[in-house]
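Thanks for coming. I will go through one structure, starting with the terms and then moving from the whole chain to single residues.

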Amino acid sequence: MNMKNLEYRICLVEDTYGIRYPEEYIPDIQITDGVPELLAAGSFLMKIHNMNFSNVRDTVAFLKDCLDAPETADVGDSFANFRDTIASWFMRTADYGYCIASRDIELLSDLTACQFYDAYKSSSSTASLASVCDSIYGIQSMCFQLMEYREYTPDICSLIEGQQLSFSYCFVDGSPIRVYAIRTLLELFVMDAVRYMESREKLCRCKYCNKYFFKQERNTEVYCPYPNPYQPYDGMSCKEYHAQHPKHTDRVSELFKRAYKRQYKYLSDRDLLSSNILPVWNDELKKRERIARDKWSATELEDFIENTRFSKIGVDVTDYSSY
């Protein structure tokens, strides 16, 4: 695989019914070979957020050792193997953790590898690989910010302003197609972030597995159609599992609800609900809830709740991120 010239073509057919998306195309494939299908704005944000990138840093450690070795003969081969490792790892974790098509795994693994490759070639050093890991985790956090709060943060604004996406137009069967040239996860995020913020699409976060999915009905939906994490091998989705276990409450949900009620009562008793104390603390609590679900561990969430009890620290704290 030639990492230097690898580039995906994301083709969007714009019409009165929304945005259509033939597939991801590498330059040597003709655009006319694809049959457009409807793809809602925010689909890539959802896929990036829902994928498990937690072991990327460990995988990069092996890549770094290979690149730093004096006997390394071909940088391209090293990164191609790195890309294949990520792809196979995504494939394994996607079997029961998240329903995702093989073409999506190919897209995300290619863009991830290209992001590391470009950083390495521009600096001629493996020292830059650590910062790429941080940027990938940062992209996932930004996806969460957009889908959960639907607002641009200063970091997202800065990222969008710094990207120079390449796109062109062509016609297929009389319809105009905007063709984006996408090479990294950063570019994919920027393209879909702007589309999502300009759309009316609504995404929900599953209370069981913490993954996002598109809202299909008018009522509030909190359980997704993905494989259920409590019984991953029985074929039931989170929505189906909830239908059979309506009273199931996980440890994270219990902690979240109990902590919020306790803090609400504490501030109410002191006539402090009109201040921004509770909203600021609650925003940080939601972040810790997401981390707990991602790690499948409530330990850190318990510690955060205990350390930030208003009766313990007072009510003049405006930054809870250090706890």
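First, accessibility. I call a residue buried under 20% relative accessible area, exposed over 50%, and partly exposed in between, with a 1.4 Å probe and protein chains only. Glu 300 is partly exposed, because its relative accessible area is 45%.

Next, where this comes from. The model is predicted, so local features need pLDDT of at least 70 and side-chain atom pairs count only at pLDDT 80 or more, while totals for chains, interfaces and linings use all residues. Residues are numbered from 1 along each chain as its sequence is written, and side-chain values use heavy atoms, with hydrogens and water left out.

Now the whole chain. There are 323 residues in the protein chain, and 45% of them count as buried. The secondary structure comes to 12 helices and eight strands; these are DSSP runs, helices being H or I with at least four residues and strands E with at least two, numbered from the N terminus. Contact, from here on, means heavy atoms within 4.5 Å. Of the contacts with a separation of 6 or more, 59% are between residues 24 or more positions apart.

Back to Glu 300. This residue lies in helix H11, residues 299-307. Leaving aside neighbours within four places in sequence, Glu 300 is in contact with Ile 291 and Lys 295. Glu 289 is 11 residues from Glu 300 in sequence, and the two C-alpha atoms are 9.2 Å apart.

On to helix packing. Axes are lines fitted to C-alpha atoms, for helices over the stretch in contact, and angles run from 0 to 180 degrees between N-to-C directions. Angles under 35 degrees count as roughly parallel, over 145 as roughly antiparallel, 65 to 115 as roughly perpendicular and the rest as oblique. For residue classes, Ala, Val, Leu, Ile, Met, Phe, Trp, Tyr, Cys and Pro are nonpolar, Asp, Glu, Lys and Arg are charged, and the others, Gly among them, are polar.

How does H5 pack against H7? Their axes are 11 Å apart, at an angle of about 5°, which means H5 is roughly parallel to H7. On the H5 side the contact is made by Ile 136, Ile 139, Met 142, Cys 143, Leu 146 and Met 147, and on the H7 side by Leu 185, Leu 186, Phe 189, Ala 193, Tyr 196 and Met 197. By class that contact has 12 nonpolar, no polar and no charged residues.

Helix H6, residues 154-162, also meets helix H7, residues 185-198: the axes come within 10 Å and cross at roughly 110°. H6 and H7 are therefore roughly perpendicular to each other. H6 contributes Ile 156, Leu 159 and Ile 160 to the contact, and H7 contributes Leu 186, Phe 189, Val 190 and Val 194. Here the classes are seven nonpolar, no polar and no charged residues.

A cavity is a set of points, on a 1 Å grid over the protein atoms alone, where a 1.4 Å probe fits but cannot get out; lining residues have an atom within 4 Å of a point. Grid points are joined across faces, edges and corners, and a volume is the space filled by probe spheres set on the points.

How many cavities of 30 Å³ or more are there by this rule? The count is one. The largest cavity holds about 30 Å³ of space. Its lining is Phe 44, Lys 47, Ile 48, Asp 104, Leu 107, Leu 108 and Leu 188. Helix H1 (43-50) and helix H4 (102-123) are the elements that give two or more residues to that lining. The lining of the largest cavity divides into five nonpolar, no polar and two charged residues.

One of those lining residues is Leu 108, which lies in helix H4. Leu 108 is buried, at 2% relative accessible area. Not counting residues up to four places away in sequence, Leu 108 touches Lys 47, Ile 48, Met 51, Phe 90, Ile 100, Leu 185 and Leu 188. Thr 184 is 76 residues from Leu 108 along the chain, with 8.6 Å between their C-alpha atoms.

Last, two backbone entries. Ser 124 is not a glycine, yet has a positive phi of about 55°. Ser 124 lies in the loop between H4 and helix H5 (129-149), and is exposed at 62% relative accessibility. Arg 150, also not a glycine, has a positive phi of about 50°. Arg 150 sits in the loop between H5 and H6 and is partly exposed, at 30%.

Key
On a 1 Å grid over the protein atoms alone, a cavity is a set of points where a 1.4 Å probe fits but cannot get out, and a pocket is an open set with protein on both sides within 12 Å along at least five of seven lines; lining residues have an atom within 4 Å of a point.
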